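Subject: Handing over the structure

Hello,

Here is the structure I promised to pass on to you. My notes on its side-chain contacts follow just below it.

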Amino acid sequence: MANEIVYDSTNLRAAEVLNREIWDLLFDATDLRQICTKVADLGGSGSAVSKTAQANFGTAMSAANGDEITPAGNSSLPVDNLSITIAQQIIAYELSDMMQITNSGNLGMAQLAQAVANAYIVRFTEMACSAGSGFSNTVGSSGVDLTVDDVYAAVFQLETTVNNPPFSAVLYPTQWTDLQESLRSEGGAVQFMPATAEALKIHGQGYKGSFLGVDWYTSDLIPDANGGADSAGFMMAAGGLAYAEASAQGALPGAIMAPSASPVYAEFDRVADPGLSRIVAHAFLGLSIGEDNRGVAIITDR
């Protein structure tokens with residue numbers, strides 16, 4: 001016998017299935033833009049550097065001179081500036097004509113356009129996690145699992161530096177599971193409030209819930225510390241991390257797609273021989289610590 005049409009030898013069934021479906025592999029889509037402070041849109045500004053004045057208005061009054069004649073004089077106003085420089089971010093995908101012509105909707109230019117938009121979110125979160133790990137104040141112990149005591153220590157540290165809630169925290173997934181394990185033995189009035197479906201709509205993937213007045217997120221983009229032994233998560237008050245972008249609308253040729261106020265702009269490129277279509281997306285982003293005392297790094301076992 002020969003030329004039997006069977007599943008394994010011809011792969012016809014498998015080809016049909018592959019043509020209609022694509023398996024989305026898991027990836028971290030946590031969007032941390034909602035907890036960071038945007039200080040500038042540098043599109044059309046004439047500069048790649050944003051400088052935000054920082055003034056300390058926390059100086060207390062002092063006693064006037066008792067003789068009622070001698071002037072006290074002016075008080076100095078402590079000032080500084082937060083400088084953020086934007087830099088170009090880029091991603092590109094290329095499809096052959098064969099891939100597009102045989103496409104049934106699973107992977108074409110439309111899907112890749114969405115992918116390059118998602119790529120900006122991933123890049124932003126990566127930069128935010130890297131910056132947040134650099135806060136000077138730290139809590140936790142190297143090689144030791146994260147506990148509720150570490151969370152209290154982080155909150156106390158922020159309150160010691162005169163920060164007010166609400167706070168936000170981002171942990172490596174293992175740090176989060178360690179905290180959950182520690183929470184199991186907690187009692188009393190303090191309660192963890194897990195994310196509801198409505199909260200997930202607002203905060204998006206990665207949001208875990210609220211505990212001690214802190215909104216908790218996880219991301220596998222949290223960097224390691226101490227030679228890979230630990231993770232460097234962080235907790236911060238508003239203004240702990242700041243960023244600047246540059247929207248491109250109106251500044252580039254019409255062939256480039258730049259949605260209103262979007263920092264991401266994309267363009268298509270075509271090579272007739274051998275038959276390739278390419279989508280290239282760009283963005284300009286700068287992100288840094290806004291004020292060091294507004295955050296605390298959480299260094300615990302990875």
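Let me start with Arg-270, which is partly exposed at a relative accessibility of 46%. Please keep in mind as you read that this is a predicted model.

The side chain of Arg-270 meets that of Asp-97 in a salt bridge, with 2.6 Å from N to O. Arg-270 belongs to strand E13 and Asp-97 to helix H3 (residues 97–101), so this pair ties together parts that lie 173 residues apart in sequence. Asp-97 is partly exposed as well, its relative accessible area being 23%.

In total, the structure holds 6 salt bridges. Another one of them is formed by Lys-38 and Glu-245, whose closest N and O atoms are 3.1 Å apart. This pair also links distant parts of the chain: Lys-38 is in strand E1 (residues 37–41) and Glu-245 in strand E12, 207 residues apart. What about the accessibility of the two partners, Lys-38 and Glu-245? Lys-38 counts as partly exposed, at 38% relative accessibility, whereas Glu-245 counts as buried, at 5%.

Next, a polar contact. Where does Ser-247 lie? You will find Ser-247 in the loop between strand E12 (241–245) and strand E13 (264–271). The side chain of Ser-247 is joined to that of Asp-41 by a polar contact of 2.7 Å. Ser-247 has a relative accessible area of 18%, and since buried means under 20%, Ser-247 is buried.

Now to the aromatic residues, where the structure holds 5 pairs. In one of these, Tyr-152 and Phe-156, the ring centres are 5.9 Å apart and the planes stand at 40°, so the pair is tilted. Tyr-152 and Phe-156 are 4 residues apart in helix H5 (residues 148–160), which means that about one helical turn separates them. Tyr-152 counts as partly exposed at 24% relative accessibility, and Phe-156 counts as partly exposed at 49%.

The rings of Trp-176 and Trp-216 make a further pair, with centres 6.3 Å apart and planes at 40°, so this one is tilted too. Which parts does this pair tie together? Trp-176 is in helix H6 (residues 173–183) and Trp-216 in strand E9 (residues 214–218), so the pair connects parts that are 40 residues apart in sequence. Trp-176 counts as buried, at 6% relative accessibility, and Trp-216 also counts as buried, at 0%.

Note on methods:
Residues are numbered from 1 along each chain as its sequence is written. This is a predicted model: local features need pLDDT of at least 70, side-chain atom pairs count only at pLDDT 80 or more; totals for chains, interfaces and linings use all residues. Side-chain values use heavy atoms; hydrogens and water are left out. Helices (H or I, at least four residues) and strands (E, at least two) are DSSP runs, numbered from the N terminus. Buried means under 20% relative accessible area, exposed over 50%, partly exposed in between (1.4 Å probe, protein chains only). A polar contact is a pair of N or O atoms within 3.5 Å; within protein, one must be able to donate a hydrogen and the other to accept it, and residues adjacent in sequence count only if both atoms are side-chain atoms. A salt bridge is a side-chain nitrogen of Lys or Arg within 4 Å of a carboxyl oxygen of Asp or Glu. Rings of Phe, Tyr and Trp (its six-membered ring) pair if their centres lie within 6.5 Å; planes under 30 degrees apart count as stacked, over 60 as edge-to-face and the rest as tilted.
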